[in-house]
Amino acid sequence: MIKFYSKIVAQHGLSVLPGGASLYAWAQRHVTGSIIPRMAQVQQRIDVACNYLEMFEKVGIGDDLKDEILVDYGAGWHFTVPLLFYQWGWNRQVLVDIQRGAEADIVFGVADLLRQADAGPHTRRPLPMPEGRSLDDYLETIGVEYRAPVPSAELPLADGSVSLVTATQSLLHPPPDAIPGIFAEIARILKPGGYFIAIIHLYDLYSDADGSLSRFNFLRYSRAVWERYFNSKQMTYNRLRASDFGRVVDALPFDREIWDVEHPTEAEIAAIRRLPPHEEYAGYELEDLGSSHLTFVLRRR
């Protein structure tokens with residue numbers, strides 16, 4: 001657990017320092033290198049984008065939507081998926097995030113790697129070269145608008161103006177109490193018949209960096225303890241389970257077209273029993289607590 005606690009301490013330390021967000025970004029660039037684009041990261045995001053295409057096919061999203069507005073909620077820094085969507089024919093994208101983290105050299109580096117990468121049999125139009133453009137100018141040439149920072153509960157788009165919203169590993173971060181408002185905003189901006197598609201990790205991502213941790217270690221703590229000692233301005237995880245997201249969805253004008261939950265193995269259920277989860281999770285089924293991924297396609301009624 002040493003790596004886990006060291007990371008938590010570092011994030012909290014940066015949260016209280018003046019300019020902590022800038023220091024955090026500097027460390028990710030120059031110390032951990034986690035935001036520097038590499039082919040392995042790009043290839044992983046290509047796989048995600050290809051999963052989106054498979055879901056599009058399953059629910060009947062066709063080429064007729066490629067001139068409609070596609071919104072990427074929680075766009076992050078790399079923009080791999082939006083760049084691929086441009087290559088696959090999407091002409092109008094709006095990328096929104098609560099903070100402006102993307103920088104020109106990072107996005108241009110991803111674009112360069114995409115020119116070299118294998119993205120499967122799908123036809124791709126070439127990405128233009130940067131040619132000295134700013135990031136916003138470059139994105140404009142491919143029909144992409146980057147809007148950040150924006151409040152998560154106030155998306156800068158008109159009612160019923162959007163045909164498709166994607167959220168790639170962004171919905172695990174907002175506070176639990178914010179999730180209903182975010183989903184309601186997405187329902188507001190979607191046209192009737194529009195789609196909301198998301199991929200969400202449900203396991204403890206700190207276990208990726210610290211092999212001594214269970215993938216569900218974060219279930220050991222109460223919400224108060226988790227918020228006070230583990231979440232910070234630099235990184236938050238809401239720890240919501242698939243059933244929590246399901247209750248939010250069912251209270252809004254959405255129909256579930258795809259609701260795919262990756263359930264735990266028997267070994268993972270046994271590991272959860274050994275934790276054990278905090279009593280605040282007593283009302284959850286073990287299968288729900290141990291689910292590691294949620295993928296959904298919702299259709300706006």
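**Salt bridges and a helix crossing**

Arg100 is partly exposed, with a relative accessibility of 39%. In this predicted model, the side chain of Arg100 meets that of Asp136 in a salt bridge, at 2.9 Å from N to O. The two residues lie 36 positions apart and link distant parts of the chain: Arg100 sits in the loop between strand 2 (93-96) and helix 5, and Asp136 belongs to helix 6 (residues 135-141). Asp136 is also partly exposed, at 38% relative accessibility.

The search of the whole structure gives 13 salt bridges. Another of them joins Asp63 to Lys66, with an N to O distance of 3.1 Å. Elsewhere, salt bridges link Asp159, Glu185 and Arg188 in a network.

Helix 5 (residues 104-116) also takes part in a helix crossing: its axis and that of helix 3 (residues 39-59) come within 10 Å and cross at roughly 75°. This angle lies between 65 and 115 degrees, so helix 3 is roughly perpendicular to helix 5. On the helix 3 side, Met39, Val42 and Ile46 make the contact; helix 5 contributes Val110, Leu113, Leu114 and Gln116. By class, six of the residues in this contact are nonpolar, one is polar and none is charged.

Terms used
Residues numbered from 1 in each chain as written. Predicted model: local features only at pLDDT ≥ 70, side-chain atom pairs only at ≥ 80, totals over all residues. Heavy atoms only, no water. Axes fitted to C-alpha atoms, helices over the stretch in contact; angles between N-to-C directions. Helix = DSSP H or I, 4+ residues; strand = E, 2+ residues; numbered from the N terminus. Parallel < 35°, antiparallel > 145°, perpendicular 65-115°, else oblique. Contact = heavy atoms within 4.5 Å. Nonpolar A, V, L, I, M, F, W, Y, C, P; charged D, E, K, R; others polar. Salt bridge = Lys/Arg side-chain N within 4 Å of Asp/Glu carboxyl O. Buried < 20%, exposed > 50% of the residue type's maximum accessible area, 1.4 Å probe, protein only.
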